[in-house]
Amino acid sequence: MRPTRWFSEVGWRHVVGVLAVVYAGFPLVYVVSASLAEGGTLTGSNELFASVSGANYAALAGTRFWTWMANTLVVAVATGAGTVLMGAAAAYAFSRFRFSGRRAGLTALLVIQMFPQMLAFVAIFLLLVSLGNVVPVLGLDSKLALICVYLGGALGVNTFLMYGFFNTVPREIDEAAKIDGATHAQIYWTIVLRLTAPILAVVGLLSFISTFGEFIIARVLLQSEESWTLAVGLYGWVSSLQEANWGLFTAGAVVSAVPVLALFLFLQKYIVGGLTAGSVKG
Amino acid sequence: MYQPVTRGAGRTGWSPGFLVKLALVALVDALGVYAVLAAWGARSWGVLTAMVALLLVANWAYFTRRALPLKYILPGLAFLLVYQVYVVAYTGYVAFTNYGDGHNSTKEQAIEALLVQNERRVEGSPSSPLTVVARGEELGFAVVADDGAVRAGTADQPLETVDGARVEGGRVTALPGYDVLEYAAVLERQQEVTALRVPVSDDPADGSVRTQDARTGYVFTSTLTYDAASDTMTDTVEGTTYTPNDEGRFEAADGTTLPVGWRVLVGFDNFVTAFGDDRYAGPFLKILLWTFAFALLSVASTFLLGLFLAIAFNDARLRGRRVYRTLVILPYAIPGFLAALLWSGMLNRSYGVVNEVLLGGASIPWLTDPLLAKLSVLGVNLWLGFPYMFLICTGALQSLPTDVLEAAKIDGAGRWRTWRSITLPLLLVATAPLLISSFAFNFNNFTLIYMLTGGGPRFDDASVPLGHTDILISMVYSVSGLDGTAAKDYGLASALSIVIFVVVATVSALAFRRTRSLEEIA
């Protein structure tokens, strides 16, 4: 192949690729460099890798960062697990049973998911104020209450994704099991859930990732610093003293991006499949 | 479906599965009964009713054989009903009220607050020897009444007679159930002591006991009196009579109102405010337009860049395309809030890396100039969003039917012709639903706006805390006052939420027409 022809067919793709990688990667290189910079200020972070020290990472220990990290992981893992369990159960019922109100139920779910939960944050706030008067742990400033709120959005968003996948599992399998004497619960736990594991992983992960980064509801509901999540806490650092807190923030950003990044790259194939099935990054 | 051919072991007797179910339902019942009792104690009848209903349905669903589907749907359904359906309905209700600062509670609570706030020491009112006491951390007063009886209470507990107190020199020195505060301790908490009001009885009209010197208590009574029969408030000092008006306040004949109101239904007033009020209408219109522009341009720019990259990397002869692909989707794997915060620092006018390093020390106001801030928001969203579009475009390109493309080649179609007449239409059909849901997502992309610019730079002409890059959802947040920067106006905020809902629902309804979701139901 002659060089000009090579360039017009393949070579330009490398040029585009390198440019795209620089564009996508520069902020990431910058944040790693800034987190390793000694001064820990915004100005002092501008020269890439001018100094390399773990000072910012060590300084995280003197803040509430690790508390926030633990809060976020607890909330995101609980929400992810709860979403998978409840969504899968509902999808199983809609996919396998024929009952009156099934169509209406599915249509209602479609309509409900059009109203993003975050839009109702004022009403959620007011609801939790009154719930908190009765059972404090379900009120404001409680991680359990936040998980409950997130789980409220679980069915609307994910049931359809799972429902479509559950329908692809042949019904003959559970009918055979039923003839062999399996109960509906046995069929659900030992057959259907095993066969639908890929979609369960996708839903769990997407739910984990979107909960991990959810800001507005967490910000409205969590009031004391000890119960903040990472999104609320790191926002606090940057919004109050951006210049001075920059080192702390970048170190915190690197640390908190790692679990999500690792999960994402590790399970990339599944996530991409789930995305094209119709969900959006949250 | 309801009548199995054979009965499995789990259907009869005490199988392990049944025991697990029993334990779980028992746990739910125990917690539920606790919540019901707590609701009874707190007099929250709404919560009480909802809890009882949920418990009854749960017990029925899990112990009858008739509600098989419900067994699986109920857990999710319960959360959905409380934290999604109810809050949406409640948003709709609040949108038609004037709930917010000044109209925070029910009428009874507003009356009580008014009576308490207007308490004065009545000239010549009885004084009694007083001792500052504490119950745990809570401060209280103990007074010796004229008949010698000792009465004590705290801010939440009206005065009640306490037996077994020791009185020396006409003053209480020991009290069962309370600790008497030493003089030094009283001095230390002087402000708390002088601010404390202990109600005389459950009826706010009876007034309260207060003290200035921690030794003598005076009865304060309200200058306002409320007459339940005629539903009026009367100021006993000035003699003015206030009657309740339609806006949830007590109003005198000359139009003055008392400061504490209650929430009432105000019809479409909040919507009228959004579209017609001088303070809100201008910003609201600008923000509405910008929200549409932001969402549309975000989808368009991310889609075009993602599509271009997908095409560029969609060639088997390209070496290392797997590496390119992995590196290019990295921004997608970074939580959105981190990216927005990171860019807010990088675009900082004085110290940011973009001005300082990439542009060699320029001082471009990326986030503080109205137009540049909008461009920055779009630029950052492009960085955040193009990997997603790249992923879905790659998926769509790879699933294009090759026979159609080959047929076009045989028919003599050029590269451009093939692309325009075959590839692009097929691609759009495959990605259209995702583009529409991406639009809906960006329409409500609160995190990006709030973290990058905070909605700023502010409008010059508005008395409301709104700015040039605010989108509707961040406007809702500012108006609601939950961040503490503005007066709370839950009514208007909810009305704006409804507006957003109408827009998003319309767009989503269009989307559903194009997807097969509805067909799948059948």
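User: Which residue in the turn between E2(B) and E3(B) has a positive phi?

Analyst: This is a predicted model. In it, E2(B) and E3(B) form a hairpin, with 2 residues between them. One residue in that turn has a phi of about 65 degrees, and its name is B:Gly136.

User: How many bridges join E2(B) to E3(B)?

Analyst: E2(B) covers residues 127–135. E2(B) and E3(B) run antiparallel. Across the pair, B:Ala134 stands opposite B:Leu139. The number of bridges is 6.

User: E3(B) also pairs with E4(B). Which residue of E4(B) stands opposite B:Val144?

Analyst: E4(B) spans residues 150–154. E3(B) and E4(B) pair in the antiparallel sense, over 5 bridges. Opposite B:Val144 stands B:Val150.

User: Which residue takes a positive phi in the hairpin of E3(B) and E4(B)?

Analyst: This hairpin has 5 residues between the strands. The phi in question is near 90 degrees. The residue is B:Gly148.

User: Is strand E3(B) largely enclosed or open, and how many of its residues are buried?

Analyst: Strand E3 of chain B covers residues 138–144, 7 residues in total. A residue is buried if 20 or more other C-beta atoms lie within 10 Å of its own. The strand is largely enclosed by the rest of the structure, because the buried residues number 5 of the 7.

User: How far apart are the centres of domain 1 and domain 2 of chain B?

Analyst: The assignment gives chain B domain 1 (16–94), domain 2 (122–224) and domain 3 (277–521). The centres of domain 1 and domain 2 are taken over C-alpha atoms. Their separation is 45 Å.

User: In chain A, how many residues of domain 1 are in contact with domain 2?

Analyst: Domain 1 of chain A is 3–55, and domain 2 is 63–276. Their C-alpha centres lie 33 Å apart. On the domain 1 side, 5 residues are nonpolar, 5 are polar and none is charged. Domain 2 contributes 10 residues to the contact, and domain 1 contributes 10.

User: Which helix gives the largest share of the side of chain B that touches chain A?

Analyst: Between the chains, 92 residues of chain B are in contact with 91 residues of chain A. The chain B side has 65 nonpolar, 22 polar and 5 charged residues. Its largest share is 19 residues, from residues 68–94, and this is helix H3 of chain B.

User: What percentage of residues 45–63 of chain B is helix?

Analyst: An unreviewed UniProt entry annotates several spans of chain B as "transmembrane region", including 45–63 and 323–343. The end C-alpha atoms of residues 45–63 lie 27 Å apart. For residues 323–343 the ends are 25 Å apart, and the chain there is 86% helix. For residues 45–63 the helix content is 100%.

User: How far apart are the end C-alpha atoms of residues 246–267 of chain A?

Analyst: For chain A, too, an unreviewed UniProt entry gives spans marked "transmembrane region", among them 73–94 and 246–267. Residues 73–94 are 100% helix, with ends 31 Å apart. Residues 246–267 are 95% helix and 0% strand. Their end C-alpha atoms are apart by 31 Å.

User: Which residues have the most contacts inside the largest nonpolar core?

Analyst: This core has 180 residues. Another core, of 18 residues, lies apart from it and includes B:Val143 and B:Val172. Beyond its neighbours within four places in sequence, B:Leu496 is in contact with residues including B:Ala274 and B:Leu472. The residues with the most contacts inside the largest core are B:Leu341 and B:Leu496.

Methods: Residues are numbered from 1 along each chain as its sequence is written. Chains are lettered from A and ligands numbered from 1 in the order in which they are written. This is a predicted model: local features need pLDDT of at least 70, side-chain atom pairs count only at pLDDT 80 or more; totals for chains, interfaces and linings use all residues. Two residues are in contact if their C-beta atoms, placed from the backbone, lie within 7 Å. Helices (H or I, at least four residues) and strands (E, at least two) are DSSP runs, numbered from the N terminus. Ala, Val, Leu, Ile, Met, Phe, Trp, Tyr, Cys and Pro count as nonpolar, Asp, Glu, Lys and Arg as charged, and the others, Gly among them, as polar. A residue is buried if 20 or more other C-beta atoms lie within 10 Å of its own, exposed if 12 or fewer, and partly exposed in between; C-beta atoms are placed from the backbone. Two strands pair if DSSP finds at least two bridges between them. UniProt positions are given in the numbering used here, feature names are shortened, and annotations may be inferred rather than shown by experiment. Domain bounds come from an automatic or database domain assignment. A nonpolar core is a set of buried Ala, Val, Leu, Ile, Met, Phe, Trp, Tyr and Cys residues joined through C-beta atoms within 7 Å.
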